[in-house]
Amino acid sequence: MLGRGCCRLWGESNYTCQRCDSSNFCNCSSMNLVTIPRVLEKVSRLNLSYNFITHIKETDLTKHIKLKVLMLQSNEIQSIDDQAFKSNVVLEYLDLSNNSLIQLSPAWFLHLSKLQHLDLSGNKYRNLGPGRLFSHLESLRWLKVGNAFLSNLKKDDFEGISHLDDFILLGNKLESYEDRSFSSFQNVSHATMNLHDPFQKNQTLAQRIIWDLAPATTHVELRDLEYLSSSDTQLFSLPNNSSVKKYTFRNSSLSDSTIYVLLKNGRNSGISELVAENCAFSGRGEWHKVKNMTCESLISLTIRHISIKQFYLFFDLSFLHGLISHVRTARLTNLNLFMMPCGVSKSFQRLEYLDLRENLLTDLMMKEMVCENSWSSLTYLILRKNKLHSLKKISPILSNITHLMHLDLSQNTLSDVDFCVWSKTLQFLNLSGSQLSTISQCIPPNIEVLDLSNNNIRTFTTHLPSLRELNVSNNKLMYLPGGGYLPNVKILMISGNNLISMSSDEITTFDKLTTLDAGKNHYICSCEFLTYINKYLTHSIQLLNWPENYICDSPLVVKRMIVKNTKRSFFDCHTTLSVTLSCVALCLPIAIVGLLCYKYHGIWYIQMTWAWLQAKRKPKKVRNNNIFYDAFVSYSEMDSEWVENFLLRELENTHPPLILCLHKRDFIPGKWIIDNIIESIEKSRKTLFVLSQHFVQSEWCKYELDYSHFRLFDENNDTAILVLLEPIPKETIPQRFCKLRKLMNTKTYLEWPEDEVEQQIFWFNLKVALKGEENIRGHQ
């Protein structure tokens, strides 16, 4: 109580409920409110149930002119202002049940002409107010009134109500009833009444209520009756102008005398349907007085979840023959029924529909039930959730039902068999949830609709040429059933199996397929599968539960993605082409680099760089102390005649002689050429370049020139001497001889003259250059 009181104090503040969604539905239930909160003005549905609201003021709902649904049940409402709903003229649903209303006022509903659903049950009022409470509710179609305190009903209480789909009256404590209180009712589809005390203490009062309602309703439902006696022999009888076609007893306790009175008075009342549900029967089946009675109007009988305490005393039911011989529909479910005697089965001469689900029927008892000439007109039989085990035993028994078309054996524990015998008329068969792993030849060949869902079937290879609809959902199939076995199937349901793919080849074998449910499988979302299902399959047939139930299971990158939204990359879908393109992309740069290296002599640069690095690592002092030559001569092989006949003879025969290094004479055989070049240049004080058109065409000359240039700039060692045998225009020098261009622009070079006198000057200057003197005469 302390916690509840604290919630009230907290709720007394001007609270705003913000629990609203985009559809203008505000769910303010269970928020400990004691007043109507502020919500969206445009709210259309408002749930204020399970709070502590005690009063509804005139101004609480004035702003909510679009309100259509108002739920105020399970509060503590004690009073409502007369004009509280005056602004809610479009209100269609109002629930004021389970509150504390003591007085009801017609003013509440004065402006609610569009109200269709009204629940006033579970309050504390003893009557329905001063009268004409519902006179302005011209659109009302559902009404529930009454409580544990309602004691009387007056003639004008329901004035203004003519048509209702459902009318529920809770009058267990009703003490007085004014005749013709329901006179305004013209058409009530379903009238439900809880009249415990009237039926137990004042059966005349109960009878008057039923008689007043009988002309206006087609269905009377009586609830919470207990141990009725037969003191009033007119009980359950109906007036001549009665419209009642259906009687329902729910949550009631019945006796032998009650059943007798009901059968006796109901057989001539035109009742066509009788229902007893969630009831207890305390009798012994002593209804012998009805042995010769017939009830031609009764065509539907429903008995569901009935407890019979002394069922073992029901030793003879033959007297029921006249009462059930015209029944066409019987639902005898959840009764712990283990057998129906052959005589009773034969009494159902016109029975077309029989539902025996959730009982205790066994293979052995079925033979007693389906005896000769029993259920001769039966076309629809439901044996779901019984204790049946052997199709081999059951099928021959049921084949005796000559007109049987629809058979439901689902949710039994059936064993696998190779051969069964069925009626040739059977067209619909349900074997779902029966723990079957194979079906072999146990399917009727003429079957049109087959349900094998929720089993353990791994393969389906049964030829069924007449089959139009097949349900094999929730099995262990890895492939679609072969379309060749099912040439006329139009509807195929195979969801919840182990399918990994679907292809055009598989689907096209089903020539007449129009509807397919293949969701909740383990699809490998390959490119072919995604393309087929998204671009073709969804446009050719109807896919049930698409796209939400079609999920990728692999590969990992798309796992748990919806098939419709899954995209694979170009490389995933074209593997061969992707590998080819990758190889091309890898090899093409290599080829381009190779071509560039070949064209621009990149290998030379690499080799030279490596040689330079090795040479650079040598200590400088070591290189300087290891001089053997005065000059290394770099020349083209095409100029070797001049070098050998003029240069070599002139310089090495001078006094003192100059020692020259020539590659033909001084290179060490077997040694790498580049190493020979570098080592010879390093052992020479100078490097003499004999320049000509042949020189600039030689790769080795270029290398020797590059290394000499390296010594010039990297070691600050001016060792290069240029001798020009013939004029070389700069524009004819190849681009790769960029260093030669630089040297010719920065260094003095000697030109070989044709005149012999000038040749003497040439040799003199060359010897001076080689000996290291600076006064060089020549021209730049």
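The model is predicted: local features need pLDDT of at least 70, side-chain atom pairs count only at pLDDT 80 or more, and totals for chains, interfaces and linings use all residues. Residues are numbered from 1 along each chain as its sequence is written, and side-chain values use heavy atoms, with hydrogens and water left out. A search of the whole structure finds six disulfides, and the structure holds 21 salt bridges.

**The open sheet**

- Five strands make up an open sheet with parallel pairing, in the order S31-S30-S32-S33-S34. Strands (E, at least two residues) and helices (H or I, at least four) are DSSP runs, numbered from the N terminus. Two strands pair if DSSP finds at least two bridges between them.
- The edges are S31 (660-661) and S34 (749-751), each of which pairs on one side only.
- Helix H20 (residues 756-771) packs on the sheet and touches S30 (629-634), S32, S33 and S34. Contact means heavy atoms within 4.5 Å.
- The direction of H20 makes about 165° with that of S33. Axes are lines fitted to C-alpha atoms, for helices over the stretch in contact, and angles run from 0 to 180 degrees between N-to-C directions.
- S32 (residues 684-691) and S33 (residues 720-724) run parallel and are joined by five bridges. Phenylalanine 689 has leucine 722 of S33 as its bridge partner.

**Asparagine 497**

- Asparagine 497 sits in the loop between strand S25 (491-493) and helix H9 (504-507).
- Its relative accessible area is 2%, so asparagine 497 is buried. Buried means under 20% relative accessible area, exposed over 50%, and partly exposed in between (1.4 Å probe, protein chains only).
- A polar atom of the asparagine 497 side chain lies 3.2 Å from the backbone nitrogen of lysine 476. For the backbone nitrogen of leucine 477, the distance to a polar atom of that side chain is 3.0 Å.
- Not counting residues up to four places away in sequence, asparagine 497 touches Val472, Ser473, Asn474, Asn475, Lys476, Leu477, Lys520, Asn521 and His522.

**Disulfides and other cysteines**

- A disulfide is taken as a pair of cysteine sulfur atoms within 2.5 Å. With the bonded cysteines numbered in sequence order, the pairing is 1-4, 2-3, 5-6, 7-8, 9-11, 10-12.
- Cysteine 17 bonds to cysteine 28, with sulfur atoms 2.0 Å apart. The link is left-handed, with -100° about the S-S bond. Cysteine 17 lies in the loop between helix H1 (2-11) and strand S1 (25-27), and cysteine 28 in the loop between S1 and strand S2 (45-47), 11 residues apart. Cysteine 17 and cysteine 28 are buried.
- Cysteine 20 bonds to cysteine 26, with sulfur atoms 2.0 Å apart. This link is right-handed, with 105° about the S-S bond. Cysteine 20 is partly exposed at 26% relative accessibility, whereas cysteine 26 is buried at 0%.
- Cysteine 525 and cysteine 552 are bonded, with sulfur atoms 1.9 Å apart. The torsion about their S-S bond is about -100°, so the disulfide is left-handed. The pair links distant parts of the chain: cysteine 525 is in the loop between strand S27 (523-524) and helix H10 (527-540), and cysteine 552 is in strand S29 (residues 552-554), 27 residues apart. Cysteine 525 is buried at 0% relative accessible area, and cysteine 552 is buried at 3%.
- The closest cysteine sulfur to that of cysteine 587 belongs to cysteine 583, at 6.0 Å, too far for a bond. Cysteine 587 is partly exposed, at 47% relative accessible area.

**Salt bridges**

- A salt bridge is a side-chain nitrogen of Lys or Arg within 4 Å of a carboxyl oxygen of Asp or Glu.
- Glutamate 221 pairs with arginine 250, the closest N and O atoms being 2.7 Å apart. Glutamate 221 is in strand S13 (residues 219-223) and arginine 250 in strand S14 (residues 246-250), so the bridge ties together parts 29 residues apart in sequence. Glutamate 221 is buried at 1% relative accessibility.
- A network of salt bridges links Glu221, Arg223, Arg250, Glu277 and Arg304.
- Aspartate 157 pairs with lysine 154, the closest N and O atoms being 3.1 Å apart. Aspartate 157 is buried at 0% relative accessibility, while lysine 154 is partly exposed at 21%.

Technical notes
Polar contact = N/O pair within 3.5 Å; in protein donor to acceptor, adjacent residues only side chain to side chain.
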